[in-house]
Amino acid sequence: MTTRWLTPKEQRAWRAYMAATHLLEDAIDRQLQQDAGMPHLYYSILANLSEAPERKLRMTDLAEKSKITRSRLTYAVTRLEKDGLIRREDCQWDKRSSFALLTDAGMAALERTAPGHVETVRAAVFDHLSEDQVSQLEEISSVIARALEGDASTPRPTSDEVPWRRRSSPCSGS
C-alpha cells in the first residue's frame, strides 16, 4: 500500500487544527481548574448529566456522550462521587449496568462554573469567527465526527475504534 501523503495545503490545515485544539483544551482546562478545581472532562460529564432526563444516565451512555472509554469514565465518576457531585445507582433490570446521577451539589457546582466556562469558549473561539465561519465549523466538525463514529455511508466502527466501546481490561465494566 502506498502512503497518501498530505498535500502542503492539507499539512497546513492539519497543523493549524492541531495547534488550535491543543491551545483551546489548555485554555479551557486552566479556566475550569481555576474556577472549579476540575478538568474539562469532569465538567463535561457534569454537563452531560445535567441535560439528561432526571439528571441520570447509564454509565455506558455517559461514556458514549463523553467520547471516552468506560474505564476512564469509571475513574472520573469515582472522583466526582468522592466530591459529592455524582452518585451511582445500580440498574434494577440489568445487574451489569449502573447509572450516574448528578447530585444537587453537582448541579450547583455546574451552575457556578458554567458562566466562566462559556466566557472562555466564547473568547477563545466564537468571538473570532463570523456567522458563516461558525456554520462552517459546525459542518466540518460534524462531518469528521460522523466519519469517525461511523454513519450510514461508512461501515460501523468496530468495538476498538470508538473510545466508549473500548475496554482496557475485563474488569472495567460499567
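**Notes on the predicted model**

1. I begin with W14, which lies in helix α1, the helix that covers residues 8–36. Together with L6 and Y17, W14 makes a nonpolar surface patch of about 340 Å².

2. Helix α1 also holds E25, and this residue counts as partly exposed because its relative accessibility is 35%, which lies between the limits of 20% and 50%. Along the chain E25 and P39 are 14 residues apart, and their C-alpha atoms are separated by 9.8 Å.

3. As for the overall layout, the secondary structure of the protein chain comes to 6 helices and 3 strands, and from the N terminus on these elements follow the order α-α-β-α-α-β-β-α-α. Among contacts between residues at least 6 apart in sequence, 52% join residues that are at least 24 apart.

4. Turning to burial and surface, the protein chain has 174 residues, of which 30% count as buried. Its accessible surface comes to about 11900 Å², and carbon and sulfur atoms account for 53% of that area.

5. Which residues have the most contacts inside the largest nonpolar core? They are I45, L46, L49, L62, L73, L80 and I86, in a core that has 28 residues. At least two residues of this core are supplied by each of α1, α2 (40–50), α3, α4 (70–82), β3 (98–102) and α5 (104–124), and α2 gives the most, with 7 residues.

6. I45 deserves a separate look, given its place among the core residues with the most contacts. When its neighbours within four places in sequence are left aside, I45 is in contact with L62, S66, L73, A76, L80 and I86.

7. Finally, is T60 buried or exposed? T60 lies in helix α3, which covers residues 59–66, and it counts as buried because its relative accessible area of 19% is under the 20% limit. The side chain of T60 is joined to that of R58 by a polar contact of 2.9 Å.

How values were computed
Residues are numbered from 1 along each chain as its sequence is written. This is a predicted model: local features need pLDDT of at least 70, side-chain atom pairs count only at pLDDT 80 or more; totals for chains, interfaces and linings use all residues. Side-chain values use heavy atoms; hydrogens and water are left out. Patches are made of residues with over 30% relative accessible area and no salt bridge: like charges are joined within 9 Å, nonpolar side chains (Val, Leu, Ile, Met, Phe, Trp, Tyr) within 5 Å. Accessible areas come from the Shrake-Rupley method with a 1.4 Å probe; for residues, only the protein chains shown count as cover. A salt bridge is a side-chain nitrogen of Lys or Arg within 4 Å of a carboxyl oxygen of Asp or Glu. Helices (H or I, at least four residues) and strands (E, at least two) are DSSP runs, numbered from the N terminus. Buried means under 20% relative accessible area, exposed over 50%, partly exposed in between (1.4 Å probe, protein chains only). A polar contact is a pair of N or O atoms within 3.5 Å; within protein, one must be able to donate a hydrogen and the other to accept it, and residues adjacent in sequence count only if both atoms are side-chain atoms. A nonpolar core is a set of buried Ala, Val, Leu, Ile, Met, Phe, Trp, Tyr and Cys residues joined through side-chain atoms within 4.5 Å. Contact means heavy atoms within 4.5 Å.
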